[in-house]
Amino acid sequence: MTVENEQLIKETFGRGFDNALGLRLLEVGEDRVVATLELSATHHQPFGIVHGGVYCAIAESTASISAFTWLQATGIGGTAVGVNNNTDFIKSVSTGTITVTTSPVHRGRRQQLWRVAITDADDRLIASSQVRLQNIELPEGAGLPTAPTSGA
């Protein structure tokens, strides 16, 4: 993957819900994605620890980016959408920076399965996910990420 394509994916997928959570992509490649999230009170459930839905959301986002990137790199094209997200919560945390790292388990013509490790600043596993994605054609009217035009 070129540096230009990696930056384009970082900018495109860093919008919407991922942006609201504060997810930051550090590395994007066809074999792994690495991202970080600085935890704050906005990520907490009522008892002061990170809400499990945060882990589920960032696992699905990073697995989806991984799947999309692999589809583009192989020439298969299209995109991928989550069909199952199994996230185990291993250790509770309240603050700090967490790191999210994806790795492929299976990548096929119709589906992909990605493992997602979520670790704390001391590299301790705090959540582990497996996300299955369905490879699909891009929805009508949706295009691949493109670079913003200058002067717009």
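Guide: Start with a cut-off: buried means under 20% relative accessible area, exposed means over 50%, and partly exposed lies in between. Keep in mind that this is a predicted model.

Visitor: Why is Arg32 called partly exposed?

Guide: Arg32 has 37% relative accessibility.

Visitor: What makes the pair of Glu27 and Arg32 a salt bridge?

Guide: The closest N and O atoms of Glu27 and Arg32 are 2.9 Å apart. The cut-off is within 4 Å, from a side-chain nitrogen of Lys or Arg to a carboxyl oxygen of Asp or Glu. So the pair qualifies by that definition. Glu27 is partly exposed as well, with a relative accessible area of 31%.

Visitor: How many salt bridges does a search of the whole structure find?

Guide: The search finds 4. Among them is the one between Arg107 and Asp31, at 2.9 Å from N to O. That pair links distant parts of the chain. Arg107 is in strand S4, Asp31 is in the loop between S1 and S2, and they are 76 residues apart. Arg107 counts as partly exposed at 27% relative accessibility. Asp31 counts as partly exposed at 43%.

Visitor: What class does Asp120 fall into, buried or exposed?

Guide: Asp120 has a relative accessible area of 9%. Buried means under 20%, so Asp120 is buried. Its salt-bridge partner Arg124, at 2.7 Å from N to O, counts as partly exposed at 39%. Asp120, Asp122 and Arg124 are linked in a network of salt bridges.

Visitor: How do you know that strands S1 and S2 pair?

Guide: Pairing needs at least two bridges. S1 (residues 24-28) and S2 have 4 bridges and run antiparallel. So they pair by that definition. Arg24 stands opposite Thr36 in S2. The two strands form a hairpin with 4 residues between them.

Visitor: Why are S1 and S3 said to stand at the edges?

Guide: The open sheet has 6 strands in the order S1-S2-S4-S5-S6-S3, with antiparallel pairing. S1 and S3 (79-89) each have a single partner strand, so one side of each is left without a neighbour in the sheet. The twist averages 25° from one strand to the next.

Visitor: How many bridges join S5 to S6?

Guide: There are 9 between S5 (residues 111-119) and S6 (residues 125-136), which run antiparallel. Leu113 has Arg132 as its bridge partner in S6. Helix H3 (residues 52-74) packs on the sheet, touching S1, S2, S3, S4, S5 and S6. Its direction makes about 145° with that of S3.

Terms used: Residues are numbered from 1 along each chain as its sequence is written. This is a predicted model: local features need pLDDT of at least 70, side-chain atom pairs count only at pLDDT 80 or more; totals for chains, interfaces and linings use all residues. Side-chain values use heavy atoms; hydrogens and water are left out. Axes are lines fitted to C-alpha atoms, for helices over the stretch in contact, and angles run from 0 to 180 degrees between N-to-C directions. Contact means heavy atoms within 4.5 Å. Buried means under 20% relative accessible area, exposed over 50%, partly exposed in between (1.4 Å probe, protein chains only).
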